[in-house]
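The sequence and structure come first, followed by the notes.

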Amino acid sequence: MPTAIAVTSDDLVLPAPDRHTPGAALLHPPEQHDLESALAGTSALLERHGHLVALVPPWLPRATVQRLHTVRAILETDRIALLDIDLPPLGTALLARQLRQLSVCDFSPGVIASAARLLSHYIYAGALLGSVAKLDRVRVPVGLGAHARSWSPSAQFAVLAHPTPHLAKLGSGGGGRTGRGGSHGASHAAHGAGAAALPAGPDFATQLTFARGQLASDWVAAELAPAWQVQGVMENPLPAASPAWWGTPKLVEFAAGIPDLSVLYQLVASVRREQCRWCGLELIGDRCGFCAAPLTAPPPTAAAPASTGRSRP
């Protein structure tokens with residue numbers, strides 16, 4: 001059986017792109033399953049799949065994260081990878097689907113787990129927002145002018161949170177200039193009431209997934225998708241965590257990523273594989289996804305010079 005890919009909410013499970021992609025395992029939060037049920041369910045997953053890779057974004061409730069670590073500690077197993085992935089909710093769901101696609105390939109569990117960090121760099125996650133008053137906490141710079149304009153009932157802002165923070169106020173018609181490719185290092189603040197430069201899209205083939213909140217707009221599908229030259233557009237229900245993550249329920253969240261399994265496979269297979277010096281699993285990158293050990297040992301701490309026992313003159 002392929003390595004199990006787990007999420008903590010069923011609204012983070014995007015539809016499979018083909019009949020070969022398995023579903024995601026669901027690790028229920030403490031308010032839904034008691035500890036005994038969580039232990040039994042996780043043990044059954046390990047018995048069936050051998051290894052379990054779970055995405056643990058920082059916006060999860062603390063009790064949910066503590067439950068995941070408690071289960072792993074009680075089971076005393078090194079076959080559970082808890083991956084810290086800093087993506088918005090819909091971007092997290094997209095990454096989980098990519099890992100599900102890769103789980104049926106000939107990659108070892110260690111490579112699949114460490115591939116999550118690599119693939120996250122190729123996910124473009126953002127949202128169309130009706131307010132940016134509470135956006136600072138997701139590390140997207142918001143100027144005073146943008147905060148002031150958030151009070152306008154017709155305000156709309158195009159925001160890219162990953163891979164490079166970018167914020168722009170859309171013009172009165174709900175549109176702006178956008179492009180594909182270009183520099184990823186520029187971050188723009190919203191200013192002026194007219195059309196603004198929108199975030200440059202990915203310079204590789206992607207599919208766009210979007211989810212509607214309480215904002216009535218077709219901008220993502222009608223304008224952003226054609227400008228980014230995506231291969232396809234799919235609508236999905238909005239994850240329950242999205243309004244809190246973006247600071248407003250008035251939003252349309254979107255995430256673009258590589259949909260083609262052959263491209264994902266080549267991307268991961270092109271990276272040199274190493275062996276974890278701690279648990280022995282294969283990995284790519286600089287850190288093991290299962291035991292979190294770095295690829296190379298930290299430099300030894302310089303020893304303090306031994307005392308000679310002689311007093312200074």
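Is Tyr124 buried or exposed? Tyr124 is buried, at a relative accessible area of 2%; buried means under 20% relative accessible area, exposed over 50%, and partly exposed in between (1.4 Å probe, protein chains only).

## Basis of the values

This is a predicted model, in which local features need pLDDT of at least 70 and side-chain atom pairs count only at pLDDT 80 or more, while totals for chains, interfaces and linings use all residues. Residues are numbered from 1 along each chain as its sequence is written, and side-chain values use heavy atoms, with hydrogens and water left out.

## Aromatic pairs

Rings of Phe, Tyr and Trp (its six-membered ring) pair if their centres lie within 6.5 Å; planes under 30 degrees apart count as stacked, over 60 as edge-to-face and the rest as tilted. The count is 7 aromatic pairs. Tyr124 and Trp228 are edge-to-face, because their ring centres are 5.9 Å apart and their planes stand at 80°. This pair links distant parts of the chain, 104 residues apart: Tyr124 lies in strand β5 (residues 124–129) and Trp228 in helix α6 (residues 219–228). Helices (H or I, at least four residues) and strands (E, at least two) are DSSP runs, numbered from the N terminus.

Trp228 is buried, with a relative accessible area of 0%. Trp228 also forms an edge-to-face pair with Phe254, at 5.9 Å between centres and 80° between planes. Phe254 belongs to strand β12 (residues 251–257), 26 residues from Trp228, and is buried at 1% relative accessibility. Ring pairs join Tyr122, Tyr124, Phe204, Trp219, Trp228 and Phe254 into a cluster.

## Cysteines

The whole structure has 0 disulfides (pairs of cysteine sulfur atoms within 2.5 Å). The sulfur of Cys288 has its closest cysteine sulfur in Cys279, 3.6 Å away, which is too far for a bond. Cys288 is buried, with a relative accessible area of 3%.
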